[in-house]
Amino acid sequence: MKQKTGWVKGLSLLMLAATMVLTACGSGGSSDSDSNTSTDSGSGGDSKASVKLKIMWQGPDTRHQAMLKTQELYTSKNPSITFSPEYMAWDDYWKKLPTLAASHSLPDVLHMDGAYIHEYATRGTLEDLSDIDLTGVIDDKTLENLKIDGKLYGIPISRNAQGIAFNKEALEAAGIELPKKDWTWDEYFDFARNARAKLPDGVYPINDSDTWDFYQYYQTSYGKGPIIQDDGKKFNLDKELFMKFYGIFDEFRKSKIVPPADMVSSFKENDPQADPMASGKVMTRSATVGSVGALEQLMPGKVDVVNIPVGPEGGGWAQPTIFLSVSTDSKHKEEAKAFIKWFVTEKEAGLTYGMNFGIPIYDDIYEALEPTLAPKDKLGNKLYDTAKDKALPFYPAAAGWTEWVDNYKKTIDAVMFGQKSIEAAYNEISKAGNAIAEKQSSKG
């Protein structure tokens, strides 16, 4: 999925969006969209039903072209199946999808993202795909983490994970012990304290923390569960862990272990001058499979990765965030499922779409692509492999929580600048969260 600090753009305007009419930036749709089944007569008087699958996805032009070629390949092997494709940029896609869902006109096959799939699944718009056999393709733990109420509503097509990137070259030059796989939160904080003594002034071992998701890694790793639960109807912020976590960062600000607040506010990830690591100001930062590749391009050969620190329950997440799903309104569900299984499991398909959705989920496809991969892609795969053993499920914010996510950051920023106490921040964040959860619960 497209990874952001807050992850999710909420879908709370679902019904309002039904009044919108958006045009795709590229489309291969056909004029016979209302009648996409015909009879294809072959020699000897045999006939076979022809099916035209409507398919829709988002992304850049390189992805569009790869997807079109993949569909052409499938049709060459299955002549009775053709496609009516529609594709567009990220923002346009997620604005248009609620309109289609509200009017029961979603395509047969559609691209889903980890930030949105729960919302669409619980609204009854996605088909249960649990009957697709993925034995030997995707490990059972990953599939279990992806299930929603025990059902699988999207087939994952690529790998993703959250981890921490670090400047291996600079840390080694300073004689600092490198982060190790499955390090604990105590080891993470000790790394920061120990590295401070060996780094020059103005260079920091870790960045400050002002986002809800990074704190949530801490809370979930200690078995206290995600902050936003039950589709946004329950709010769960553990005060003891919250106070401890931000108390440590308060200590770090006073000891100059993290950058000053004004420097933190100026950072911009993956910008050559403003990225905390690429600028040389900070030795570590959070990264996903996709973003660590961009970082490696800015700092070729200097970047290595480790998983998010772990607690007794594990830590971070490592699971697919890009899926292919089937609409419950589809009249060709079995044909749609067959295409998706082929897409995910056939090496020839994977070699056609390549890395355009990220690192393919199936090891056989990745291994076939590996000799041609750039260092950035191999580093992304290393991050996934490093994170998956201790990974917890991916916990995005629910629909309707976008404003709370933004205000969380603003509130912690006030703490960073010394304008608010940690306890006052906790009280404000909790009050706002409980109010949203109560409002969501009242909707039924």
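**Entry 1. Contacts and overall make-up**

I looked up the contacts in the protein (heavy atoms within 4.5 Å): among those between residues at least 6 apart in sequence, 73% join residues at least 24 apart. I note that this is a predicted model, in which local features need pLDDT of at least 70 and side-chain atom pairs count only at pLDDT 80 or more, while totals for chains, interfaces and linings use all residues. Residues are numbered from 1 along each chain as its sequence is written, and side-chain values use heavy atoms, with hydrogens and water left out.

I recorded 16 helices and 12 strands, taken as DSSP runs numbered from the N terminus (helices H or I, at least four residues; strands E, at least two). Of the 444 residues, 54% count as buried (under 20% relative accessible area, 1.4 Å probe, protein chains only).

**Entry 2. Strand S12**

I examined S12 (residues 322-326) and found 5 of its 5 residues buried. Ile322, Leu324 and Val326 point one way from S12, and Phe323 and Ser325 point the other way.

I then listed its partners, where pairing requires at least two DSSP bridges between two strands. Strand S5 (residues 109-113) runs antiparallel to S12 and is joined to it by 5 bridges; His111 stands opposite Leu324. Strand S6 (residues 155-156) is also antiparallel to S12, with 2 bridges, and Pro156 has Phe323 as its bridge partner.

**Entry 3. Sheet S10-S7-S11**

I traced an open sheet of 3 strands in the order S10-S7-S11, paired antiparallel. S10 (284-288) and S11 (303-307) stand at the edges with a single partner strand each, so one side of each has no neighbour in the sheet. The twist averages 40° from one strand to the next. S7 (residues 162-167) pairs with S10 over 5 bridges, and Phe166 stands opposite Thr284 in S10.

I found H14 lying across S7, S10 and S11, at about 20° to S11.

I next took H10 (residues 289-298) against H14 (residues 375-387): their axes come within 8 Å and cross at roughly 140°. The axes are lines fitted to C-alpha atoms, for helices over the stretch in contact, with angles from 0 to 180 degrees between N-to-C directions. H10 is therefore oblique to H14 (angles under 35 degrees count as roughly parallel, over 145 as roughly antiparallel, 65 to 115 as roughly perpendicular and the rest as oblique).

In H10, Val289, Val292, Gly293, Glu296 and Gln297 meet residues of H14 including Leu379, Leu383 and Tyr384.

Conventions. Buried < 20%, exposed > 50% of the residue type's maximum accessible area, 1.4 Å probe, protein only.
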